[in-house]
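Subject: Structure files and what was found

Hello,

Here is the structure you asked for. Please open it first, and then read the notes that follow.

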Amino acid sequence: MNDVLTSEEKAILADIQQYLSESKRDRSRLIPVLQYIQARLAYIPYQSIALVAAHFNLAPAEVYGVASFYNQFRFNPPGKYPVKVCLGTACHVKGADIILENFERKLEIKEGETTPDREFSIERVACVGCCALAPVALLGESVHGNMAPSKVEGIFTRIQVEKEMEARQKSEK
Amino acid sequence: MPTITVNGQSIEAQSGMSLLQACLEKGIFIPNLCYLKAMTEPPASCRLCFVEIEGQPDPVAACTITVADGLVVSTDTSAVRQLQRTALQLLLSVHDIDCKNCPANKQCALQDLAKFLKVPLKNKPTETYLREPAIDETHPHLTYYPNRCILCGKCIYVCQTRHGQSSLSFAKRGFDTVISFYGALEIDQQACDDCQQCAQVCPVGALVMKSG
Ligand code: SF4
Ligand code: SF4
Ligand code: FES
Ligand code: FES
């Protein structure tokens, strides 16, 4: 788990505490509170689950149980390059699960997780609207169609090259 | 005391008792996995304790019925057995059947049921789906084996009852549903050591104390 909090996230945790103090302790508020955190941080950190559990007088395990039922909640921070693999019907038929597996193996993380350096995260999404290009994967905002296992490798090579170029430009300045 | 008829035999039951409990106490076995006597609202999630009640068109889960005078019940009709066999086969389709290497071997509810219902202990005729990772070591005292777990919920129930809050809970959904110990690292170690009820109540070999 990636639980090292940045100072920005610490500030947001304080903000969550504030939000909680203004929110009713009624259990029906549990999901709205979780949605608030997800909206602020793009994930639900471990520390915030304990805060929420204490507020509603529930066990942390129970809060996690509720949250993990829903796809909209993530428990790891999104990486700098979020990988989204489409597992919609068309992509599924075209072997999207193999593409997902390739990303998982390459990054050594599972779907829903983030690499320890917070560079990459993997998520599965439903149809992204370009089924003709199935199977499809998104890297940040860029769409990669007709994905194949060999292309997975290519994507990372390109990122690596871009990074190196960036670094070189910086050092030249 | 209500008198009910089960498989032609008339038995007396304690009022307020569940039909399942009443039968079990008279030595009439009805397959069941998710029920404990103390439960006031049984989850009725395993779908094994089916019986037929005269006047009702379909089989019903015996753990959800409170005994009432004059109930006429059959526990071993072919419709009931068909439902139970299917339920068991579905449980086995997500089960890592490896009894030789399992601490529950020979004292396992699934083995008993397979024998009773004459269902072979095999992943058949269904496809097999196993969860990953196969072992969860996040809890400081317990080792959890998702592919042995039948998701009966008894461990959650006993922890909740004993401690007011359960440190175990169902997490995720569908085929990926597991028992989770989220927040387990903060758990009072001594409390778990002294309790161990969840591991004891587990009807299969899914929850095992680390200390053995
Ligand atoms: S839980 Fe029961 S059926 Fe499963 S491997 Fe262990 S002994 Fe066998
Ligand atoms: S761990 Fe055991 S007691 Fe708990 S839900 Fe699974 S099978 Fe039932
Ligand atoms: S199913 Fe993947 S883009 Fe439509
Ligand atoms: S014992 Fe009745 S449904 Fe499980």
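Which helices of chain A and chain B each supply at least two residues of the lining of the second largest pocket? From chain A they are α3 (46-56) and α4 (60-69). From chain B they are α4 (154-163), α5 (189-195) and α6 (197-201). Please keep in mind that this is a predicted model.

**The second largest pocket**

The pocket has a volume of about 430 Å³. Its lining is made up of 29 residues, and those nearest the centre are B:C159, B:S166, B:S167, B:I187 and B:C192. By residue class, the lining holds 18 nonpolar, 9 polar and 2 charged residues.

How many cavities of 30 Å³ or more does a search of the whole structure find? The search finds 1. The largest cavity has a volume of about 90 Å³, and ligand 2 takes up that space. There are 15 residues in the lining of the cavity, and B:C149, B:C152, B:C155, B:C202 and B:A206 lie nearest its centre. Of the lining residues, 13 are nonpolar, 1 is polar and 1 is charged.

Ligand 2 is surrounded by 13 residues, and the closest are B:C149, B:C152, B:G153, B:C155 and B:C202. This shell contains 12 nonpolar residues, 1 polar residue and no charged ones.

**Ligand 1**

Which residues are around ligand 1? They are B:H95, B:D96, B:D98, B:C99, B:C102, B:A104, B:N105, B:C108, B:Q111, B:V204 and B:G205. The shell of ligand 1 divides into 5 nonpolar, 4 polar and 2 charged residues.

**The sheet in chain B**

Chain B has an open sheet of 5 strands with mixed pairing, in the order β2-β1-β5-β3-β4.

Two of the pairings can be followed residue by residue. Strand β1 of chain B (residues 3-6) pairs with β2(B) in the antiparallel sense, over 4 bridges. B:I4 has B:I11 in β2(B) as its bridge partner. β1(B) and β2(B) form a hairpin with 2 residues between them, and B:N7 in the turn has a positive phi of about 50 degrees. Strand β3 (residues 50-53) and strand β5 (residues 72-74) of chain B also pair in the antiparallel sense, over 2 bridges. Here B:E52 stands opposite B:S74 in β5(B).

**Chain A as a whole**

Chain A has 7 helices and 4 strands. Along the sequence they follow the pattern α-α-α-α-β-α-α-β-β-β-α. The C-alpha trace of chain A spans about 50 × 50 × 25 Å along its principal axes.

How is chain A divided into domains? Domain 1 covers 7-69 and domain 2 covers 81-172. The C-alpha centres of these domains of chain A lie 30 Å apart.

Regards

Definitions and conventions:
Residues numbered from 1 in each chain as written. Chains lettered and ligands numbered in written order. Predicted model: local features only at pLDDT ≥ 70, side-chain atom pairs only at ≥ 80, totals over all residues. Heavy atoms only, no water. Near = heavy atom within 4 Å. 1 Å grid on protein atoms, 1.4 Å probe; cavity = no way out; pocket = protein on both sides within 12 Å on 5 of 7 lines; lining within 4 Å. Sits in = over half its atoms within 2 Å of the grid points. Nonpolar A, V, L, I, M, F, W, Y, C, P; charged D, E, K, R; others polar. Points joined across faces, edges and corners; volume = space filled by probe spheres on them. Pairing = 2+ DSSP bridges. Domains from an automatic or database assignment.
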